[in-house]
Structures are given as structure tokens and as C-alpha cells.
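Here is a short briefing to read alongside your model. Keep the structure open as you go.

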Amino acid sequence: METVMTKPAYFVALCASFFVLTGCADQQQSLYQWGSYENQVYALYADNGRVPPEAQITQLEADYQKARAANKSVPPGYHAHLGFLYFQVGKPDQALQSLQTEKALFPESTVYMDRLIARIKP
Amino acid sequence: MRLYFFRICLLIAAVLLTGCAAPKSYDYAALKQSKPRSILVLPPLNNSPDIRATYSFMATVTTPLAESGYYVFPVALVDQTFKENGLPNAGEMHQAPIGKIAEIFGADAALYITVDQYGAQYQLLDSSVTVSANARLIDTRSGQLLWEGKASASSAENDMNNSGSVLGMLISGLIKQIANSIGDKGYPIARITSARLLTAKPGGLLHGPRSPRYEKD
């Protein structure tokens, strides 16, 4: 039995392990460039306001510029979250603009964005 | 020589096949019929003693869901909206009528997550950080369950301690307990749990409309 080592069997085993290795690894390209979005959300709660909204805005805007330069999309919620921060620091115009951008990029958000826009608009 | 190679290949194939072969078939009829495009993730319920669990876990859910092809509502803003509507915590938010969620947010589906375990588990020789959670995806129009799943991750998984002596193990265990209690060691583990729980895969959630693999699962 030990000496039976037919070429097809060898080939099949090799193929199987190769297929499974690459199949499992599954390196799909990511749809979005995330920047620090989720860590900013985390910091908002975990650090108890130790990171002021202004600093978060600066970081998110910088990440956004990087994504644009790389011709990548920022994830869903990114612009809306930015709008939320602008509203907190008393910049309703930028807040509105960010919410409009979210709505334009992701029409799935229309109902919610319209609701928020209506609240901010004078 | 060749025989050895063959055996190794066979072994790798066997291990990996069992490791990632499609798990038990899941009934996707409701999810396939509902075809949600957007998911509203409510701030997770926390059944662990660590109060940080809710917002730590909440900060990890957007990546796996959005990369799987769904629109994910801005989680912090959603939390704020719930609070402004008189629901101050995750427990009350989870009790909100599903029709209200559809009306206010226009979300196709709502995801209810419960964190069962979050943080360090103190044991005599070692302490590891574990985060486990379960999730239920509900259609906001019909109230029907579309999908549910659970996942867990632990720092012990890639934290093989090779110290030879029992004393060595005791000391490193102590240091780890102190290190774990300072920072929120749960957050990086929560990211792994969240990715396991919410990334589309066989037996897990299906891909959403924004993924190139939509309707190819």
C-alpha cells in the first residue's frame, strides 16, 4: 500500500490542498477605505469626551482626503457621522453638507438623512 | 520523499477541508425573500459585567456588515436618535416597536445583538479575554426573523504561553491580569468576534447588494 503512489492521486492531493488553501484564504478586495472611522466611534464613548469633537473632525476629514486621493470610497455612515460631529460643534452648514453627501452616496439612508436635515435646517 | 509530500498535502487538505467546509445548511428562505439593502444596528444589549461592552461592540459592527455589501446606518448617530426619542439605554431601544424603526430610519432590517461575555476571565494560572455575542436580523416591515448567529473570540487563541515552569506561568499570569485590567482589552477581541459573527460566509450572513458577490452565495 505504501508504495502505491500513482501520479493522478498525487496530483489530486496537490490540487486539493492548493485549492483549499487559496479558497480559505479568500483575499477579497475591500469595498471601502475605513480610515479611523470605527476607532473614532469607539473613542466617542470609551474615552468619555477626552478626544474633543474638533479633533475627531480633523482626523476624519484627513482620512477622507486620503481615501479620495487613493480613489477609494469611504464606508457607509462616514459622512453622516461627520455631520453629527459638525452639528455638535455648532457648524450646521457643514453638518448639512455632510448629511447630503451621505444621502447622495448611499440612497438607502434617504429617509433618515431627510429627517436629520429637516431638523437642522432653519 | 515524494510520498512524504503527498502525505503532507493530504493532511493539509483534510485539516483545511474540515476546518472551513460549509457548515450545517442554514435556511435562507426568509433572508433571500426579504433582500434587505440596509441594516440598522441597535446598540448591543450587554449581559456581561463590563459596562463598556455595549459601545465597544457597537464600534466594531460596521466593517463586517458594510464589507459584506450592506448599507449600515451610522451607529453613533442612531444611538443619539434613540436617546433623543426617550430611550436612554440599549435595553429600552431593543424594546422599541419595529414599525417605529422602519418609520424613523427607513431601514430594511434591524440587527439585535447581545454581548454575552466581555472581558477577562480570571483563572489561577492565566487570564484570557473573551468576547462572545449573538445576533438576530429582523425584517422591519414584517417583523420576521431573517437570520441569526453567534460567535466568540478569545485572546487565548493566539496567546500560547511557552513558559516551562509553573512559577513562570504564575508570574506571567499576574502581569497579564494587571495589563488586562488597565486598558479595555476587550475591544480588539470584540473586533474579531464581530468579524466572525457578521462577515458574510457559508452558514453565516449572505452578501448584500453592494457586494460583487450579491446573490452568488
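Predicted model: local features only at pLDDT ≥ 70, side-chain atom pairs only at ≥ 80, totals over all residues.

Residues are numbered from 1 along each chain as its sequence is written, and chains are lettered from A and ligands numbered from 1 in the order in which they are written.

**Helix packing within chain A**
- The axes of H5(A) (residues 92–105) and H6(A) (residues 110–120) come within 9 Å and cross at roughly 165°; helices are DSSP runs of H or I, at least four residues, numbered from the N terminus.
- H5(A) and H6(A) are therefore roughly antiparallel, a label for angles over 145 degrees.
- Contact residues, whose C-beta atoms, placed from the backbone, lie within 7 Å, include A:Leu96 and A:Leu99 of H5(A) and A:Met113 and A:Ile117 of H6(A).

**One residue in H5(A)**
- A:Leu105 lies in helix H5 of chain A and counts as partly exposed because it has 17 C-beta neighbours inside 10 Å (20 or more would be buried, 12 or fewer exposed).
- A:Leu105 and A:His79 are 26 residues apart in sequence, yet 9.2 Å apart in space, C-alpha to C-alpha.

**The nonpolar core**
- The largest nonpolar core has 72 residues, and B:Ala107 is among those touching the most other members; such a core joins buried Ala, Val, Leu, Ile, Met, Phe, Trp, Tyr and Cys residues through C-beta atoms within 7 Å.
- Beyond its neighbours within four places in sequence, B:Ala107 contacts residues including B:Phe73, B:Ile101 and B:Thr140.

Technical notes
Contact = placed C-beta atoms within 7 Å. Helix = DSSP H or I, 4+ residues; strand = E, 2+ residues; numbered from the N terminus. Axes fitted to C-alpha atoms, helices over the stretch in contact; angles between N-to-C directions. Parallel < 35°, antiparallel > 145°, perpendicular 65-115°, else oblique.
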